[in-house]
Structure formats: C-alpha cells, structure tokens
Amino acid sequence: MKRVPWADLALWLPTVFLVYVFSRQGLAKFSDTSGWARAFAVWHFPVWFRILVGVGECGAAILLLSRRTAPLGAAIIALVMLGGMGTHIYWGQPRQVTSEVMPFVLSLIVLRGRWPHFARMVARWRNRDDA
C-alpha cells in the first residue's frame, strides 16, 4: 500500500486559498472602476503600477498551481504583501496591515513547503546544461 503524503496534501489548502484570492484580486486591479483603482489613486500610485501588481498577482496565482513553480508564486505574493504593508504604514494606516498578514504567512508556508520541488527542478535544469 502506498503511503499518503499528508504534508503535501495539506499544503494544497493554503495554496488553493491563495490562488482563489490572488486570481480574483489580481484581475480586479485591471478595472478602472474597481475599488483598487480608487485605492491606488489615493495612495498616489500610477495606473501602470496598479496593472503591474495585478499582473504579478495573477502570475503568482498561476505559478502556485504547480509544485515546482509554487515557491516563485509564493515569493511574489510575499513581496506584494510586504509592499501593501509598507503602503499602509507610510500612509498612516498601520491597523490595516492585518489584511496582508494572513496571505503573507500562508505564502511563506507554501514557499517553504514546496521548496524541495523547486530545488529538484533547478538541480535537474543545471545538470542538463552540464551534459
């Protein structure tokens, strides 16, 4: 009987949550009428930056769907969340940082948990070039 990789299966819970949240919120950043458009304007960020964040979030959600690329997606989410935290602190809204804490922590869990898959992929890629 094959052993069930419970830790691997458990990592899919935060992964699916992050994919759901960041695919939806990333797509919302492309709309000029979204709450995100208004928020980025209030924070004095240019439109291209809002679009870039949306591309990053959607790209991260796609990367999370593979064990091998999930650490890259999780790292992108962690960086975006750090930027969000910094924005709230800069604009005198430190209590709003809490909305970024959970996705930040979950992205670090996925990053750490999927790292061996990514490391094996990179090692195979490097060894292929040596042959």
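Just after H4, Gly-92 has a positive phi of about 75°. The model is predicted.

**Exercise 1.** Work out what span helix H4 should have, and compare it with the distance between its end C-alpha atoms.

*Solution.* H4 covers residues 70-90, which makes 21 residues. The expected span is 1.5 Å times one less than the number of residues. For H4 that gives 30 Å. The end C-alpha atoms of H4 are 30 Å apart, so the two agree.

**Exercise 2.** Name some buried residues of H4.

*Solution.* Buried means under 20% relative accessible area. Among the buried residues of H4 are Ala-70, Ile-77, Val-80, Met-81 and Met-85. His-88 is also one of them.

**Exercise 3.** Classify the ring pair of Trp-43 and Phe-45.

*Solution.* The structure holds 9 aromatic pairs. In this one, the ring centres are 6.5 Å apart and the planes meet at 75°. Planes over 60 degrees apart count as edge-to-face. The pair is therefore edge-to-face. Trp-43 is buried, at 14% relative accessible area. Phe-45 is partly exposed, at 28%.

**Exercise 4.** Now treat Tyr-90 and Trp-91 in this way.

*Solution.* Their centres lie 5.3 Å apart, with 85° between the planes. This pair is edge-to-face. Tyr-90 is exposed, with a relative accessible area of 66%. Trp-91 is partly exposed, at 36%.

How values were computed:
Residues numbered from 1 in each chain as written. Predicted model: local features only at pLDDT ≥ 70, side-chain atom pairs only at ≥ 80, totals over all residues. Heavy atoms only, no water. Helix = DSSP H or I, 4+ residues; strand = E, 2+ residues; numbered from the N terminus. Buried < 20%, exposed > 50% of the residue type's maximum accessible area, 1.4 Å probe, protein only. Phe/Tyr/Trp six-rings, centres within 6.5 Å; stacked < 30°, edge-to-face > 60°.
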